[in-house]
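Trainee: I would like to learn how to read the features of a model one at a time. Please give the general idea first, then the case at hand.

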Amino acid sequence: MNSHMITVSQLLRFVKSLLDEQKVLNDVFITGEVADLAFRSYSGHLYFTVTDGTSTIKCVMFNKYVSQLKKEIKKGDSIVIRGNVTVYEKDSTIQVIAYDIHHKGSGEKKTTLDELKKKLMDEGLFKSERKLSFCEFPKTIGVITSPEGAALQDIIATMAIRNPLVKIIVYPAVMQGDKSAETIIKALDFAEKENLCESYIIARGGGSSDDLSPFNDEKLARRISEFKYPVVSAVGHEIDTTILDLVADARAATPTAACTIICNSSDKYKDFVDDLVSRLKERTLAKYKLAEAEVKSLQSQVFGMSVINKLEKNEQKLAFLRKSLDYRLQDKLTATISRVKNLTEQLEILNPLNILKKGYSITKSGDNLLANCNSLSINDIIVTKFADGEVKSKVIDINMEV
């Protein structure tokens with residue numbers, strides 16, 4: 001072998017030979033928690049990952065050993081593996097070929113997760129009553145994911161087919177690792193402040209179930225529960241349920257499935273618009289008929305208030321007033337004539353000339369009417385008026401009656 005240049009395959013074979021020579025690694029006991037698990041039904045082999053919370057290692061148990069297991073292993077189980085450590089050259093990874101597996105019970109990681117789920121459930125964070133409804137026809141959706149990940153490309157491609165009218169805004173975040181939950185929370189904060197989207201998708205493009213730990217973060221769960229827009233969680237697999245899945249307003253198995261939840265297809269948009277147009281036509285027609293009836297009513301009113309009609313009504317009113325005035329004048333004239341007649345009769349009674357006709361007379365001295373003899377003197381000229389004339393006399397004697 002050339003000491004300065006070797007191929008990748010040569011390097012891996014060399015490392016594998018070194019490991020195979022270590023007898024201590026040919027039969028070793030490894031303890032840890034099952035982080036990922038896959039059973040290949042066609043081969044009967046069992047593939048899984050074991051972690052101690054810091055590091056992980058891939059393991060495989062071939063079907064002849066799987067059939068000898070006393071108890072089926074599950075994700076989160078704390079186990080002890082017996083096997084040999086080797087290099088899997090195709091993937092350039094160190095792996096354990098397991099001969100036997102013993103259970104230690106549920107792992108600490110699973111226990112902690114179960115306790116957190118119960119705590120949040122008791123607080124009501126998983127209740128359907130607090131989950132928000134999605135806008136049926138959103139104009140803009142937000143996607144919180146890695147800009148370089150396959151999830152974003154799946155969403156863009158799906159939306160381009162499903163509904164190209166919907167705008168997509170990407171809020172970058174790290175989707176695995178210790179900083180993942182923190183960056184997702186920051187993306188949520190920024191999205192809520194921007195207030196540009198009606199709903200959001202949190203998505204990742206795949207990975208092992210051990211990579212789901214950021215989506216079981218308590219702070220992230222609480223931030224989602226306080227978020228004022230509906231959120232679809234599309235970070236897990238069908239068999240893996242994270243706390244994010246439980247607290248989000250909807251869960252999708254894949255980013256593509258999330259697109260079907262967050263908005264309707266363009267066909268639904270068309271149906272919606274057609275329905276609106278139909279209802280608008282019906283309302284417009286109803287308003288037109290109502291307006292037409294109002295116009296006819298107004299025309300009738302206008303005809304009723306025409307000049308000819310007004311003249312006719314005024315003539316009728318004038319005739320009524322004239323007749324009423326005639327009646328009043330007649331009554332007034334009759335009353336006046338009666339009163340004049342009455343007054344005339346009273347004047348006739350009081351007329352001095354009428355008194356003279358009864359044999360009385362009136363005597364004057366100059367312009368003074370004489371009522372007695374006290375004002376007369378001898379030789380005064382007096383005038384006595386009778387009904388048919390008057391007589392002038394000269395006073396020759398005055399006899400006073402006491």
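Mentor: Start with the lining of the second largest pocket, whose residues divide into 10 nonpolar, 5 polar and 6 charged. Here Ala, Val, Leu, Ile, Met, Phe, Trp, Tyr, Cys and Pro count as nonpolar, Asp, Glu, Lys and Arg as charged, and the others, Gly among them, as polar. This is a predicted model, in which local features need pLDDT of at least 70 and side-chain atom pairs count only at pLDDT 80 or more, while totals for chains, interfaces and linings use all residues. Residues are numbered from 1 along each chain as its sequence is written, and side-chain values use heavy atoms, with hydrogens and water left out.

Trainee: Which residues lie nearest the centre of the second largest pocket?

Mentor: A pocket is an open set of points on a 1 Å grid over the protein atoms alone where a 1.4 Å probe fits, with protein on both sides within 12 Å along at least five of seven lines; lining residues have an atom within 4 Å of a point. In this case 21 residues line the second largest pocket, and Tyr47, Phe48, Thr49, Lys58 and Cys59 lie nearest its centre. Its space is about 490 Å³, taken as the volume filled by probe spheres set on grid points joined across faces, edges and corners.

Trainee: Which strands supply at least two residues each of that lining?

Mentor: Strands are DSSP runs of E with at least two residues, helices runs of H or I with at least four, both numbered from the N terminus. The strands in question are S1, S2 (46-51), S3 (56-61) and S5 (93-106). S3 gives the largest share, 5 residues.

Trainee: Is Gly32 buried or exposed?

Mentor: Buried means under 20% relative accessible area, exposed over 50%, and partly exposed in between, with a 1.4 Å probe and protein chains only. Gly32 lies in strand S1 and counts as buried because its relative accessibility is 10%. Contact means heavy atoms within 4.5 Å; leaving aside neighbours within four places in sequence, Gly32 touches Val50, Thr51, Asp77, Ser78 and Ile79. Lys104 is 72 residues away from Gly32 in sequence, yet their C-alpha atoms are 9.2 Å apart.

Trainee: How many bridges join S1 to S4?

Mentor: Strands of a sheet pair through backbone hydrogen bonds, either parallel or antiparallel. Two strands count as paired if DSSP finds at least two bridges between them. S1 (residues 28-39) and S4 run antiparallel and are joined by 6 bridges, with Phe29 standing opposite Arg82 in S4. Of the 12 residues in S4 (77-88), 9 are buried.

Trainee: What is the order of the strands in the 5-stranded open sheet?

Mentor: The order is S7-S6-S8-S9-S10, with parallel pairing. S7 (167-172) and S10 (250-251) each have a single partner strand, so one side of each is left without a neighbour in the sheet. S9 (residues 231-234) is joined to S10 by 2 bridges, and Ser233 has Arg251 as its bridge partner in S10.

Trainee: Which strands does helix H4 lie across?

Mentor: Angles run from 0 to 180 degrees between N-to-C directions of axes, which are lines fitted to C-alpha atoms, for helices over the stretch in contact. H4 (residues 150-162) lies across S6 (140-145), S7 and S8 (199-203), at about 160° to S6. H5 (residues 180-194) touches S6, S7 and S8 as well, and its direction makes about 140° with that of S7.
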